[in-house]
Amino acid sequence: MDGSIAVSMQPERSFLRCDRIVAFVNDEATTTALRTALDDAHLDLRKGNIRHAIRMLETDYELASLIVDISGIDDPIKALEDLARVCPTDVPVALIGDNSDIGFYRAMLRMGAMEYLYKPISRDMINHVLRPKLVGEKPRVDRSGHVVAVCGAQGGAGATSIAVNLALQLADTTKARVALLDLHLQGGETAVMLGVQPGPGLRIALENPERADELFLERAAIEVNDRVRLIAADEALNAELHITEAGVQNVVRLLRNRFNYVLVDLPVPLTPAIQSVVAIARTVLVLLEAEVTGLRNAKALRKAVSLISDKNRMFTVLNRADRAGGLPLETIVKGLEARPDMVIPDLGSGMTQAVNTGVPAFRHVPKLRRHLAPIVQEISGVDTTRRSWMSRLLKR
Ligand SMILES: Nc1ncnc2c1ncn2[C@@H]1O[C@H](COP(=O)(O)OP(=O)(O)OP(=O)(O)O)[C@@H](O)[C@H]1O
Ligand SMILES: [Mg+2]
């Protein structure tokens, strides 16, 4: 066999990169966490566990580091010994398992593991714990704006009301710049609730990403107040729209460059273009009302969101919880197989009046502010739920 044939028999050059990170993991959440936190690394992501890694290393050992799943393995110590026999000694190994015991963690490190993480694994865990060791750099500090996606499990669940008022309250509390992006291009209600009229800019930007730059979007944005801008459309109901995934990604990227928070009123079902917003969102709020339809759809929507995004980023909000005739909370918990993260009661006719007058409910329904406060805190980390000593004194 001459040299040229030998070369052509080699695997692809990129496959042999010495910065290749091989991961054998089993579950969806870990896969997503690795893929998103190491999106710029040479990640060779495979389905499997430590046993599959051992098999691979018998013939293929050109790698910089290895991540392996040990959950469900009967004798992890024995498996690690087997791994040590085939794994190059200079390749650091990170383990992922389901044992949260500190003794187990120490034992894994004593066996020579670079790190041991237990499930559920989130993007932040990979970014902060593994990434610096694997890629040799500090965790990435993403300075672009946080995306908050709001979607309703059923029509009228309150998604737009929450998105509009949350945008206002977030800006008011944190003093940050907030963009409210309404992706319901036909019949969207954010503009109605804010008493403004959108132009054609958003549709153009979503259909022709190459035409939309920051200046374009700035012109298309409607001023709601000093800190809040609305980016919305009001296209005819019979218009044929050609929204592309690239268009949506471009608009979100441009907004994240200019605003600290980008709240998105998200249409359901989640088309591929819409899914890209969910994937990038730091917080996803799934709203439902205490109805059979809401419960059924919320279950499906939560599942769809958790396949695209990190489960830890999803929050389920039960709206109008105590509405007459609604399902009791226990039924909702049983149906969802989880407790809603936030519960907002029915806030009365002030909410509907707000829609009709175009003056956001946030201004004249004080109870709404109180119920939005924990959500603002979750998103921003600013604790607005504690009353000041003055207000506590006055209320006493
Ligand atoms: N907690 C609440 N208490 C009372 N009324 C509410 C509450 N939340 C929302 N509403 C009212 O319910 C109606 C529907 O709300 P909204 O338009 O926000 O829902 P949506 O999920 O965006 O609906 P759509 O599916 O049409 O987009 C509005 O009149 C709104 O004022
Ligand atoms: Mg709506």
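**Sheet, ligand shell and a helix crossing**

In this predicted model, five strands form an open sheet of 5 strands with parallel pairing, in the order β2-β1-β3-β4-β5. Strands are DSSP runs of E of at least two residues and helices are runs of H or I of at least four, numbered from the N terminus; two strands pair if DSSP finds at least two bridges between them. At the edges lie β2 (42-47) and β5 (115-118), each of which pairs on one side only. Strand β4 (residues 93-97) is joined to β5 in the parallel sense over 4 bridges, and Gly97 has Tyr118 in β5 as its bridge partner.

Residues are numbered from 1 along each chain as its sequence is written, and chains are lettered from A and ligands numbered from 1 in the order in which they are written. Local features need pLDDT of at least 70 and side-chain atom pairs count only at pLDDT 80 or more, while totals for chains, interfaces and linings use all residues.

Around ligand 1 there are 17 residues, of which Gly152, Gly158, Thr160, Ser161 and Met351 come nearest (a residue is near if its C-beta atom, placed from the backbone, lies within 6 Å). Helices α7 (159-174) and α15 (349-357) each supply at least two residues of this shell.

Helix α7 also meets helix α17 (residues 366-380). Their axes come within 9 Å and cross at roughly 70° (axes are lines fitted to C-alpha atoms over the stretch in contact, and angles run from 0 to 180 degrees between N-to-C directions). The two helices are therefore roughly perpendicular, a word used for angles of 65 to 115 degrees.

Definitions and conventions. Angles under 35 degrees count as roughly parallel, over 145 as roughly antiparallel, 65 to 115 as roughly perpendicular and the rest as oblique. Two residues are in contact if their C-beta atoms, placed from the backbone, lie within 7 Å.
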